[in-house]
Every structure is written in structure tokens, then in C-alpha cells.
Amino acid sequence: MRAAVVVFPGSNCDRDLAVAFRDAGCQVEMVWHKDTALPDNVDIVGIPGGFSFGDYLRCGAIAANSPICAEVKAHAERGGFVLGICNGFQILTETGLLPGALLRNAGLKYICRTVPLIVGTSDSVYTSGYTVGQEIGVPIAHHDGNYTASDEVVSRLAAEDRIAFRYGDNPNGATADIAGILSENRRVLGMMPHPERAADEKHGGTDGKAMFSGIASALAAA
Amino acid sequence: MKARVHVMLKDGVLDPQGEAVRHALGSLGFDGVEKVRQGKVIELDVADGTTEDTVREMCEKLLANTVIESYQIEMS
């Protein structure tokens, strides 16, 4: 299966994400933000963490309007898979592919540590390797990870089983402890924690690995 | 000509930065500040004849995230 990882000026988790995809058996191509097409037959697009465009204006706002993002949007609208991590999640909310927005952390501090996550659903290619209610440890590293959405949106996410991960011990004030959400067709996942930083023994934890192996086996079978 | 865009978090959206400013004012001895909301002002030098509608489009597409923010435009 084929993955593309988008690189913006200021991305800093792009290579880690590519390594995690590759280790799971994917063929990976990097795509520059000015590119106007994704590689042919791409199954999944990864939008990495970092500080695209220096977080100017709002985190992810300028990246969301870059040429490649129009292609990512079209890919998602055709039913393609998109995984946005950290800044990638912020970008996906800015494009409108996922509902809600990420505000400054409630405690105003940048937080960089491994946090407990509770798996909310196993019904997606991203979470099929986990069981509902399972606690995993995944690092977060963000200043603006405080997920917010209207009550209506949050109840809909819950009712449709689209809350992929919740924080075990909410570090940033996120509404309903939300750490990651799925799109309506369950093919777009945005999450603040970094599974690609918990995908190798040398990272100090491998709880994120099941996400990449789950993606690889689901998409290889498709 | 100039367009000035004021972007504010919508009412009801928690503003932790405004709240921190409120606390700081309190610790400086300014009593009675009940609420602080922090926003931003974006000034644009635009071509003569640019309409407020065009600036509104800029706000909707980029300058504000209308999920959480509201905006006001002043043309001068």
C-alpha cells in the first residue's frame, strides 16, 4: 500500500511519520506543500506534526490553504484515507475535513510528555488493533491542543462512535477529553498525540505501533 | 485604502489567555476587572475600490476561523 506524507515549511514530524509507515510495510513518498497533485494510487495521506508556517495567524490556517491541501481534500472526498497528527489535526480542522477547532491549552503551557489515552472505538483502520477502553501511553507535544466544538457536534461525534481517543487525564482542557476524532466515513483521523513517536522500542514505548500495522493490513487487504 | 479586521473568539468560547491577563491585572492591584477577552487586529493595505465584501471573503477563507472566532471589518 502507498502512503504520502505532506511536508510544509515548519513540519518537524514528517520523517518520523514516514518511518512509522515504512516500518509497517508501506511504500512512502514525501509531498511538498506547493505540489499540485498527490502521487498516483495513494491510499493514505499523512499530515505530520510541527509548526507549519510558524503557526502564524492560527495553527494550521495557512497550511490548510496551501496547494496540496486542495488535493488532500479531494482525496478525502473521494473516500481516501487521511491521518493528521498534532499540527496535522489542526490543519484538518482548518480545512473543514474534521469538525471543531484546537484552542490554546487551558493551562497556557506547552506540554510535552507521554499521556494515557483511552481508545474510544476500534471501528476504523486506525484503531482496529486496539480494544475499546484500552489504555495506551502516547506522547503529546503541543501548545494548542484544547479541542473545542459545539455541544451539538460533540454529541454527534459521541453518538456516531467517532471519538477515536480520549485523554485518561485531560492535560489541555479539551472538551469531553477528546484527543482524536474520525470523519463521518471513518477514513479521516485527526489526533493531537503522536503515535509515530511510540512506534519503536527505542522511543521508549510502542503503543502507537498498532495504529500503523492496522492501517497497513487493512489497506493491503483492500 | 485600508481595511482593518478585528478578530475575536466568539462569546462562549473559553479564552485562557484573556483569563491569564485578567489574573495579572488583579495581581497588579486593578480590582473589578470582571472579564478580559483577547483578540487580534489585522490591518490590510488594499487597492482602491476593494469592497467590504471582498474583505469579508478574506475573513471567511483565511483571516478568521468562524468555528471559534467572529470578525468585524472597518474600511477607511
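## About the model

This is a predicted model, in which local features need pLDDT of at least 70, side-chain atom pairs count only at pLDDT 80 or more, and totals for chains, interfaces and linings use all residues. Residues are numbered from 1 along each chain as its sequence is written, while chains are lettered from A and ligands numbered from 1 in the order in which they are written.

## Chain A at a glance

Chain A has six helices and eleven strands; helices (H or I, at least four residues) and strands (E, at least two) are DSSP runs, numbered from the N terminus. Its C-alpha atoms fill a box of roughly 40 × 35 × 35 Å along the principal axes. A compact globule of 222 residues would have a radius of gyration near 17 Å, and the 15 Å of chain A agrees with that. The radius is taken over C-alpha atoms, and the globule rule is 2.2 Å times the number of residues to the power 0.38.

Of the 222 residues of chain A, 55% count as buried, a label that asks for 20 or more other C-beta atoms within 10 Å of a residue's own, with C-beta atoms placed from the backbone (12 or fewer means exposed, and in between is partly exposed). Among contacts in chain A with a separation of 6 or more, 73% come from residues 24 or more positions apart. Here a contact means that C-beta atoms, placed from the backbone, lie within 7 Å.

## The nine-stranded sheet

Let's turn to the sheet. Chain A holds an open sheet of nine strands, in the order β2-β1-β3-β4-β11-β10-β9-β6-β7, with mixed pairing; two strands pair if DSSP finds at least two bridges between them. At the edges sit β2 (27–32) and β7 (135–142) of chain A, each pairing on one side only. Neighbouring strands are turned by 20 degrees against each other on average, direction ignored. Such angles run from 0 to 180 degrees between N-to-C directions, using lines fitted to C-alpha atoms, for helices over the stretch in contact.

Within the sheet, β4 (residues 81–85) and β11 (residues 188–191) of chain A pair in the parallel sense over four bridges, and A:V82 has A:V188 as its bridge partner in β11(A). Helix α4 (residues 87–95) of chain A packs on the sheet, touching β3 (44–47), β4 and β11 of chain A, with a direction at about 120 degrees to that of β4(A).

## A covered helix and the cores

How many residues of α4(A) are buried? Nine of its nine are, and the cover includes β3, α2 (61–64), α3 (67–77), β4, β5 (101–103) and β11 of chain A. After α4(A) comes A:G96, with a positive phi near 90 degrees.

The largest nonpolar core has 77 residues, and A:A3, A:V5, A:V6, A:F21 and A:V82 have the most contacts inside it. Such a core is a set of buried Ala, Val, Leu, Ile, Met, Phe, Trp, Tyr and Cys residues joined through C-beta atoms within 7 Å. Another core, of six residues, lies apart from it, with B:A3, B:V55, B:C59 and B:A64 among them.

## Chain B and its contacts

In chain B, β1 (residues 2–9) pairs in the antiparallel sense with β2 (residues 40–45) over six bridges, and with β3 (residues 69–75) over seven bridges.

Eight residues of chain B are in contact with eleven residues of chain A. Helix α1 (residues 16–27) of chain B gives the largest share of its side, three residues.

Technical notes: Contact = placed C-beta atoms within 7 Å.
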